Amino acid sequence: MPALINYSGNDEFYSGGSVYSMDSSLLCSIGSHLDMYCPPSKRARISSPFASSGDMFEEERKPSVEVLPDECLFEIFRRLPGGQARSASACVSKHWLALLSSVRNSEICKNVSKVNESSNDVDMVSCEEGLEMECDGYFTRSLEGKKATDIEGKQPWGSRESDRLAAIAVGTASRGGLGKLSIRGSNPVRGVTNKGLSAIAHSCPSLRVLSLWNVPYVGDEGMYEIAKECHLLEKLDLCQCPSISNKGLIAIAMNSPNLTALTIESCRNIGNESLQAIGRCCPKLQSITIKDCPHIGDQGVASLVSSTSSSLTKVKLQGLSLTDFSLAVIGHYGKALTSLIFSGLQNVTEKGFWVMGNAQGLEKLATLSITSCRGTTDVCLEAIGKGCRNLKQMCLHKCCFVSDSGLIAFAKAAVSLESLQLEECNRITQLGILGALLNCGSKVKSLALVKCMGIKDLDLETPFLSPCESLRSLSIRSCPGFGSVSLALVGNLCPQLHHLDLSGLCGITDSGLLPLVEGCDSGLVKVNLAGCLNLTDEVVSALARLHGGTLEVLNLDGCIKVTDASLVALADHCLVLSDLDMSKCSITDTGITSLSCGEQLNLQVLSISGCNKVSNKSMPYLRKLGRTLVGLNLQQCNSISTATVDLLVESLWRCDILS
């Protein structure tokens with residue numbers, strides 16, 4: 001009997017001695033030729049036949065963790081005492097992970113006494129998966145499908161990414177689940193599937209933000225589960241999801257009354273029916289973005305805008321087959337709209353934009369951006385200016401039919417305009433710019449011109465022009481015809497500039513820029529002169545002398561005629577300069593030495609990339625400057641050795657050094 005008393009509870013058969021000398025009640029017969037000894041402390045469990053070979057018995061059976069049917073495991077899992085126990089169970093096998101992820105948050109027994117889990121306990125995925133806590137108290141996770149890795153080996157349940165989603169779902173379920181999930185990209189072989197998204201839905205009923213980019217294996221089934229479980233959804237972003245159709249998005253609409261933002265991009269199976277459902281069922285919708293969806297047209301857009309007229313504030317429409325009808329509806333029903341973005345609406349004509357402006361419905365519109373819309377003309381631009389009385393920001397990009405007369409008429413009509421940006425509007429000339437500045441009223445603060453090829457220097461005889469006192473920012477970039485003559489004319493109208501960006505203007509010289517620098521009374525703060533090849537030390541010295549008390553950022557990248565004299569002037573006069581870019585300038589070790597001697601200088605970022613005349617001799621002076629630096633760019637400085645860079649990295653441990 002000692003063998004029975006000391007029995008440890010394993011599954012080994014009794015061996016040694018005659019079984020007939022023992023209590024006959026401990027014997028059970030298997031067939032007519034085989035007897036087996038069964039200890040009283042354990043039930044007989046037979047999962048496979050036995051084979052006899054002499055005195056040895058062998059058993060072929062499944063692993064013990066796989067014996068219980070799924071129904072029993074499900075009931076056990078839903079009664080586990082806490083998140084730590086569920087996470088530990090999920091680590092046993094992928095089969096258990098799949099079962100645990102299928103347990104809905106509402107199915108977990110709440111009355112089970114929880115084990116004492118400290119706040120320092122870490123669930124299965126909290127560290128490995130890079131979870132972050134949002135400021136409003138919920139977890140967020142961003143998953144790159146192409147780079148994701150998970151449990152190695154065979155995939156009996158789903159893809160690696162789906163297994164990872166299941167792990168995230170189980171690991172965060174006890175803490176309220178994810179509040180924000182972003183999946184960007186998908187492995188073509190083991191991509192994210194409906195099963196992974198279903199796991200998130202089951203465990204994360206508090207999901208508020210869902211972003212799916214390029215996930216071809218997620219379809220309507222996954223959307224159904226999200227719609228069924230995640231009723232708190234507020235933001236949905238779908239990009240390149242070919243398997244999601246109207247059915248999935250309609251389910252979301254019918255079950256997400258709190259939806260405030262929706263983005264649909266390059267989803268070829270989503271059409272007008274979805275937008276109609278969103279308009280009917282989502283009264284809180286504030287923002288809608290639709291891009292490159294071939295089956296979305298006037299019917300869907302018009303229905304959505306008219307149904308959400310009291311809440312919708314932001315609309316972006318790009319690459320859609322819309323007509324004048326949609327813009328007319330927007331102009332009439334967009335009473336709450338504050339931001340409108342149109343891009344690539346090739347079927348909208350001048351009439352559509354004209355009707356939108358004259359409909360008098362865009363009372364609150366503050367920002368309007370129009371890109372590559374052939375219907376944008378001088379006539380409709382004036383109508384928009386008159387109809388949108390609160391318009392503050394206007395951006396026209398690749399509007400090839402807008403000319404000087406339309407721009408001037410718009411500037412006169414838009415009495416609240418604060419910012420005007422023109423990009424690749426090639427019919428705009430110097431006359432249009434001057435006219436806009438003179439007629440845009442007293443509120444305009446920013447003017448930006450980018451790649452406007454129609455602007456050329458004209459020697460105009462202009463009478464005395466009243467300056468634009470409100471303008472604070474002037475940006476003229478990559479306009480090759482804009483030279484010193486044009487700059488002098490514009491500069492005389494801008495005495496209160498704080499920000500000046502003239503990058504890429506190869507034609508301007510010191511004589512054109514000096515009047516502007518000398519005429520700015522309030523003090524320049526940020527100046528970008530990158531690529532202005534003809535500027536010299538004279539204009540930089542004037543900048544330092546006249547604006548040294550306010551100048552914070554100066555970019556002279558590619559100004560090949562700027563030398564050490566400019567660094568001497570900056571060191572002597574600049575009190576608050578924090579960001580200086582001297583890349584590809586003609587500076588030497590002498591200039592770096594002078595810069596380091598500036599007693600009041602407090603540089604944080606310095607770039608001398610491509611300055612081949614700066615050598616190892618500058619190391620002690622760079623180290624001196626490094627007391628305040630947090631960024632130092634030494635790329636393509638061929639005269640500075642790798643050993644010198646290593647010494648700087650070692651001594652300037654707080655500074656991020658690029659080499």
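**View A. The right-handed β-α-β unit of E11, H10 and E12.** Strand E11 (residues 287-291), helix H10 (residues 298-307) and strand E12 form a right-handed β-α-β unit; right-handed denotes a clockwise path from the first strand over the helix to the second, with the strands pointing away from the viewer. Helices (H or I, at least four residues) and strands (E, at least two) are DSSP runs numbered from the N terminus. The model is predicted: local features require pLDDT of at least 70 and side-chain atom pairs pLDDT 80 or more, whereas totals for chains, interfaces and linings use all residues. Residues are numbered from 1 along each chain as its sequence is written, and side-chain values use heavy atoms, without hydrogens and water. E11 and E12 (residues 314-318) run parallel and are joined by five bridges, pairing being assigned if DSSP finds at least two bridges. Ser287 has Lys314 of E12 as its bridge partner.

View B. Five bridges pair E12 with E13 (residues 339-343) in the parallel sense, and Gln318 stands opposite Ser343 in E13.

**View C. The contact of helices H15 and H16.** The axes of H15 (residues 430-439) and H16 (residues 484-491), as lines fitted to C-alpha atoms over the stretch in contact, come within 11 Å and cross at roughly 10 degrees. H15 is therefore roughly parallel to H16, a term for angles under 35 degrees. Gln430, Leu434 and Leu437 of H15 meet Ser486, Leu489 and Val490 of H16, contact meaning heavy atoms within 4.5 Å.

Note on methods:
Axes fitted to C-alpha atoms, helices over the stretch in contact; angles between N-to-C directions. Parallel < 35°, antiparallel > 145°, perpendicular 65-115°, else oblique.
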